[in-house]
Amino acid sequence: MSETSKAKARVVEANRAQMRLVPLDLESMLPVDHAARAVWSFVERLDLGEFYERILAREGKAGRPATDPQILLGLWIYATVDGVGSAREIERLCHYHLAYQWICGGVNVNHHSLSDFRNEATDLLNGLLTQSVTILLGQGLVEMRRVAQDGMKVRAWAGASSFRTRAGLSKLQKVAREQVETLAKEIEADPGAATRREEAARKKAAEDRKKRIEHALEEMAEAERRKRSNNGKKKKEARTSTTDPSARVMKMADGGFRPAYNVHLVSDTVSKVVMAVEVDNVGTDKHAMVPLAEQIEKRYGTRPEEWLADGGCNSLQNIDQMAKRDCKIFAPPQRRRSPERKPTDARPTDSEAVKQWRERMESEQAKTIYRERGATAELVNAHCRGQGLLQFLVRGTKKVLAVALLHAITNNMRRGWAFV
């Protein structure tokens with residue numbers, strides 16, 4: 001063996017304790033055709049004036065400057081494209097993911113700012129949905145003549161075990177009140193027993209639990225009303241959740257029953273753009289048609305001429321009300337109990353609008369038009385599911401609506417990309 005082979009090999013070893021200054025050029029590192037750039041371009045085209053008006057920090061006055069709403073909105077939309085719905089996960093991605101760092105542009109963003117931005121701006125996100133459609137309308141990409149409606153049940157952020165009866169909630173309310181009173185007495189008797197932060201956290205947790213239980217009891221009246229059958233008897237004892245009182249147990253697409261919210265979407269059949277969004281805790285879709293039609297008229301100042309919906313969204317009352325709005329409904333009639341009578345046969349109690357609907361749905365042309373509903377509503381639902389709309393990570397109808405609006409805005413942005 002030679003002298004050279006006996007010597008220790010000379011290598012460059014890892015030294016992770018060495019501090020380094022790493023130059024980072026975000027602009028040149030992110031590819032020109034990256035989706036993050038397209039998201040930022042979309043955000044820049046939106047009018048965020050109302051977002052800026054709500055910022056309290058002003059030039060010439062003391063106070064810490066607020067994070068630019070463009071950054072927060074851009075992060076949420078890009079995260080929705082990625083299927084990320086957690087503010088904490090977005091904060092984590094901003095520390096190491098190049099696309100999220102590029103959107104931040106050197107601004108530090110935490111999950112509290114992200115959550116507050118989304119949860120407190122539901123009304124402003126509603127306006128952005130209108131803008132996202134208006135932009136495409138101005139380009140002639142949306143007709144808004146024929147639309148499709150569908151409901152999508154999305155799992156709520158509440159466990160089945162959190163649902164309690166009125167008697168169970170009353171017991172929990174009594175315990176919660178006792179906990180709050182006991183905690184207040186302990187703090188008053190021995191102020192130095194814990195730090196101020198610990199005391200505040202314990203007190204806030206106890207009060208929050210007490211408020212949630214009280215909210216669940218407030219929701220109980222409506223839950224009991226829904227549980228009553230036509231003859232006034234209860235089917236089962238009503239229950240509401242102590243963690244998300246607004247959620248309701250619904251029958252899901254797979255046949256199972258879980259706590260959920262019902263997300264109603266109306267989309268243009270040509271562009272597949274979402275034009276209206278509504279969220280509620282009702283397990284059926286029939287009640288949503290007319291309010292959604294009114295929402296479209298309020299948003300865009302126009303009325304669709306044709307409305308496509310499945311049997312679960314339609315009712316004879318809807319047909320009469322939509323006929324007054326000069327809108328034709330294309331929906332399959334329900335099957336009759338008697339096999340000798342066709343679903344399209346008129347009944348003595350039918351109004352003129354219902355008779356015309358039955359006659360219309362018997363034609364091959366109407367059946368062909370109705371097939372567009374699946375290619376529109378089901379496609380939009382699939383896109384939302386692909387964006388991560390499988391379970392809400394927030395509680396309460398208002399916050400849930402904010403998440404649904406973000407998915408609708410993101411869908412419209414992506415549809416705009418498809419036309420480029």
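This is a predicted model: local features need pLDDT of at least 70, side-chain atom pairs count only at pLDDT 80 or more; totals for chains, interfaces and linings use all residues.

Student: At what angle do α5 and helix α8 (residues 111-119) pack?

Tutor: Residues are numbered from 1 along each chain as its sequence is written, and side-chain values use heavy atoms, leaving out hydrogens and water. Helices are DSSP runs of H or I with at least four residues, strands are runs of E with at least two, and both are numbered from the N terminus. With axes as lines fitted to C-alpha atoms, for helices over the stretch in contact, and angles running from 0 to 180 degrees between N-to-C directions, the axes of α5 and α8 are 10 Å apart and the angle is about 85°.

Student: Is that pair roughly parallel or roughly perpendicular?

Tutor: Angles under 35 degrees count as roughly parallel, over 145 as roughly antiparallel, 65 to 115 as roughly perpendicular and the rest as oblique. The angle here is about 85°. α5 and α8 are therefore roughly perpendicular.

Student: Which residues of α8 make the contact with α5?

Tutor: Contact means heavy atoms within 4.5 Å. On the α5 side, the contact is made by Pro 69, Leu 72, Leu 73, Leu 75 and Trp 76. On the α8 side, the residues are Ser 113, Leu 114, Ser 115, Phe 117 and Arg 118.

Student: How far apart are the axes of helix α5 (residues 69-82) and helix α16 (residues 397-418)?

Tutor: These two helices pack at an angle of about 75°, so α5 and α16 are roughly perpendicular to each other. Leu 73 and Trp 76 of α5 are among the residues in this contact, as are Leu 406 and Met 413 of α16. The axes of α5 and α16 are 9 Å apart.

Student: Which residues of helix α3 (residues 35-45) are buried?

Tutor: Buried means under 20% relative accessible area, exposed over 50%, and partly exposed in between, using a 1.4 Å probe and protein chains only. The cover over the buried residues of α3 includes α5 and α16, along with α2 (26-29), α7 (98-104) and α9 (122-138). Those buried residues are Ala 36, Arg 37, Val 39, Trp 40, Phe 42 and Val 43.

Student: How many disulfides does the structure hold?

Tutor: A disulfide is a pair of cysteine sulfur atoms within 2.5 Å. The cysteine sulfur nearest to that of Cys 94 belongs to Cys 104, 3.5 Å away, and Cys 94 is in no disulfide. Cys 104 is in no disulfide either. The number of disulfides is zero.
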